[in-house]
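Morning, everyone. Please look at the screen while I talk.

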2 protein chains.
Amino acid sequence: MARVLTPRAEDFPRWYQDLIAKAQLADNGPVRGTMVIRPAGYAIWERMQAEMDARIKLAGAENAYFPLFIPESYLRREAQHVEGFSPELAVVTHGGGKQLAEPVVVRPTSETVIGEFMAKWVDSYRDLPLLLNQWANVVRWELRPRVFLRTSEFLWQEGHTAHADEADARAYARKILHEVYEDFMVGVLGIPVLVGLKTARERFAGATRTYTLEGMMGDGKALQMGTSHELGQNFARAFDITYTSAERSVEHAWTTSWGSSTRMLGGLIMCHGDDNGLRVPPRLAPVQAYVMVVKAGDGVAEAAAKLCDALRDAGVRVALDDRVDTPFGRRAVDAELKGYPVRVELGPRDLAAGNAVLVRRTTGAKTPVPVPDVVAGVLAALDADQKTLYDEALARRESHTVSVETLAEAIEAAATGWARVPWSAVGAEGEAEANAKAVTVRCLRRADGSVPDSEDEPELTAILARSY
Amino acid sequence: MARVLTPRAEDFPRWYQDLIAKAQLADNGPVRGTMVIRPAGYAIWERMQAEMDARIKLAGAENAYFPLFIPESYLRREAQHVEGFSPELAVVTHGGGKQLAEPVVVRPTSETVIGEFMAKWVDSYRDLPLLLNQWANVVRWELRPRVFLRTSEFLWQEGHTAHADEADARAYARKILHEVYEDFMVGVLGIPVLVGLKTARERFAGATRTYTLEGMMGDGKALQMGTSHELGQNFARAFDITYTSAERSVEHAWTTSWGSSTRMLGGLIMCHGDDNGLRVPPRLAPVQAYVMVVKAGDGVAEAAAKLCDALRDAGVRVALDDRVDTPFGRRAVDAELKGYPVRVELGPRDLAAGNAVLVRRTTGAKTPVPVPDVVAGVLAALDADQKTLYDEALARRESHTVSVETLAEAIEAAATGWARVPWSAVGAEGEAEANAKAVTVRCLRRADGSVPDSEDEPELTAILARSY
């Protein structure tokens, strides 16, 4: 097969851009840093949304929608929040042909405007917890944009909740972390994320604790795949979110927020992609089985249509490619680029022998299968390949992670992968030193892999890496 | 039951606002003209999206996402388009702390930016038709905002397609009109929309033809529920969307666009709401059966939970209300306000007699039903009430529409409903005269009810009305 993409080993960033362009996942938008998500990319995002949304609803949160435009003054009410986001704001100064009395910002995130409405809606302890989520676009002006990873506008879900006490807020932030994000990323995306606590330096602007899920990409760098924040009473104080307790006292609520975005599309590409293109894990894939008519011939089109029906009946997401006017080789290259988990190729010669050919995207293996066995073969392949992709990613993470004892060793190890190092050997000063060398503390974890409540707990392990 | 809402007959606009507030559907946002869609309102929008999205995909269009920000210069490329939208634009002048070299507008609609990318993606006639859709927020600065009906920001789907010739573009614009919009509005929303052609004066800015679906609201006014436009070659010329034909000549494509928005939530309220609140048609309703524990008692909670399971197994969308701490009357009023089609009330006394009570939102009828028959009773009620709501709306439209022969009569009739009048008795001049009296030509139709291709066809009927 002719070389379609720059090989990863030659130039990873170039491979990433090539893949996005050739698989027709996205384009750069006309305004710097914006992107156009093309149908092939958007179909994957829709599947991410469906899987995440079901988990979010199961966790008890309800979807709502808050305005794109936020009065500038709202952001100033929480000091750290405005400091963190000011450099990235897009500001609307004119509306309806007139200069606005107060400029409005395009939401970079919605803690402030949602805080304002939580204050209106929450009255008694019976109104808590208030569990909200929204699917929306947000804008953060990017100086060094890269499609899906850092774009001036991106799509995401942002959850915002209010609770009666800190324990309930913490439990919910962690429930989302594990039951929504980790469950989705591990089980559907097939990415063995490491879950941990962010250091104070890496915390969300306005949060008291930020929990994170970090994935290792094909080049050994880390990608923050999602975060869940405890906001303490910071926003409740700034927006006056109070409630009357069962004991009739007036208390400030405790809030959380949590988000995951189209950045996950970048993670998907960089974790599972290979030199032939994307590989989409079967549970995520909008098209799981791609049925190709190799060449027109006696009964081939009919057999392909019948196979599609049978696969659909078995619950498989199917697409039919019967564009016999386009050379088969070109279509096969395109199918590899797009990363459909299984191809089912049907040509006159195979069919005469009663066979179809199953091609698996993970390994490239091609197997002739008797037509009546195709459905079972596809189902088995989808199951096996979901696991294969996860196992490959896990093996890479393990082989590219080293345990070291000093900051210097950790910084050195981060040149090619992740370093596991005692947090006590790093600390806030060591963190600044690492940052100066483009290495960051991705997260802190306990020895047993569980997520700490505080960076001051003893015997924590820090994960250091370069990152996107 | 105590009066919860201003009665419609007393003050229809006030009733509308009351209902939205008390049913907790939406709030006004902090920036003038924006809105917050609360969970009860957003759940209905999600159902609208799901039903529409399935029909859009069936019509062959694929979802994608284009940027929120559009260079100001793009809008200027199509003269009528910029003239139509300039007064409503929100303009971003600062990004990332700096003044932008070229201001960008927040999309009021996306013909321009999508046109730019269609030009990049379309090469040969084989690339046509190109059928795209996006779910997005758009901004049109509103001087007299009203929640759901006219808001500065709203949510919608906008479809954009490119075709090889005019006939194909027209057929597709009409396919969407009938198979997506009319089918959804009649079959799911239960609103007997009139489908027709807009006059030149009412046409979308930049279109050659605008098709529309008009619903009659409870006060006899019209609401434009959705539109589908033929754009001719206007945008293809402005954005250079060309293709090489099978005969090797280079041709401009023909494009269409079509949209429907959160405005439909306003239409739903004003078409089906009554003095007790919203009435959601069963096929649309996020909650079809609302199972209420009237009072705690022996086995009531268990029986309610079992009923919920049985209903869910029968494919009914169910919610359980077991908040026995809250007075039942208050919960029942709230259920009326929210418009759940069927309530299933379970109390210790009924249950002792082996019964539950079915309450239908359309008529208020309360019927004791033996517990084993509840599922069948609910299913029958849902079916019947979908039809009841449609029939009521149709009867109102018919009783509030009069056929007249002159413009003066039509303007008079429009004070309380719709007028059917020969278009030849109105014309462009008569239309201006009607407009001066706040009456507009909603659409033009042929005698047999079909949709004309041109306002110059003979013997067309015009529908005149006041409108939202």
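**Where the two chains meet**

Between chain B and chain A, about 4,100 Å² of area is buried, and carbon and sulfur atoms give 65% of it. Keep in mind that this is a predicted model.

How many residues of chain B are in contact with chain A? The count is 52, and they touch 52 residues of chain A. Now compare the two sides. Of the interface residues of chain B, 100% are also interface residues in chain A, so the copies meet through the same surface.

Next, the symmetry. Turn chain B by 180°, with a shift of 0.0 Å along the axis, and it can be laid on chain A with an RMSD of 0.0 Å. That is the relation of a two-fold axis. Which C-alpha of chain B is nearest the axis? It belongs to B:V92, and it sits 2.1 Å from the axis.

B:K57 forms a salt bridge with A:E46, and the closest N and O atoms are 3.2 Å apart. Strand β5 of chain B, residues 90-95, gives the largest share of the side that touches chain A: six residues.

**A sheet across both chains**

First, some background. Strands of a sheet pair through backbone hydrogen bonds, either parallel or antiparallel.

Now follow the strands on screen. Six of them form an open sheet, in the order β4(A)-β6(A)-β5(A)-β5(B)-β6(B)-β4(B). The pairing is antiparallel. Why is one side of each edge strand left without a neighbour in the sheet? The edges are β4 of chain A and β4 of chain B, both 69-71, and each has a single partner strand, so one side of each stays without a neighbour. On average, neighbouring strands here are turned by 45° against each other, direction ignored.

Take one end of this sheet. β4(B) and β6 of chain B, residues 98-106, run antiparallel and are joined by three bridges. Look for B:P71: its bridge partner in β6(B) is B:V104.

**A second sheet, in chain B**

Move along to another open sheet. Five strands of chain B line up as β16-β15-β17-β18-β19, and the pairing is mixed. β16 (318-321) and β19 (366-370) are the edge strands, each pairing on one side only. Neighbouring strands in this sheet are turned by 25° against each other on average, direction ignored.

Here is a parallel pair. Strand β15 of chain B, residues 289-293, is joined to β16(B) by four bridges. Opposite B:V291 you find B:L320 in β16(B).

Helices lie against these strands. Helix α9 of chain B, residues 300-313, lies across β15, β16 and β17 (342-346), running at about 170° to β15(B). Helix α12 of chain B, residues 374-399, packs on the sheet too, touching β15, β17, β18 (355-360) and β19. The direction of α12 makes about 5° with that of β18(B).

**Salt bridges, to finish**

How many salt bridges does the structure hold over all chains? The total is 63. One of them joins the side chains of A:R47 and A:E51, at 2.8 Å from N to O. Both residues lie in helix α2 of chain A, residues 39-58. They are four residues apart, about one turn of the helix.

Technical notes. Residues are numbered from 1 along each chain as its sequence is written. Chains are lettered from A and ligands numbered from 1 in the order in which they are written. This is a predicted model: local features need pLDDT of at least 70, side-chain atom pairs count only at pLDDT 80 or more; totals for chains, interfaces and linings use all residues. Side-chain values use heavy atoms; hydrogens and water are left out. Two strands pair if DSSP finds at least two bridges between them. Helices (H or I, at least four residues) and strands (E, at least two) are DSSP runs, numbered from the N terminus. Axes are lines fitted to C-alpha atoms, for helices over the stretch in contact, and angles run from 0 to 180 degrees between N-to-C directions. Copies are superposed by least squares on the C-alpha atoms of residues with pLDDT of at least 70 in both. Contact means heavy atoms within 4.5 Å. Buried area is the accessible area (1.4 Å probe) that two parts lose on being put together, summed over both. A salt bridge is a side-chain nitrogen of Lys or Arg within 4 Å of a carboxyl oxygen of Asp or Glu.
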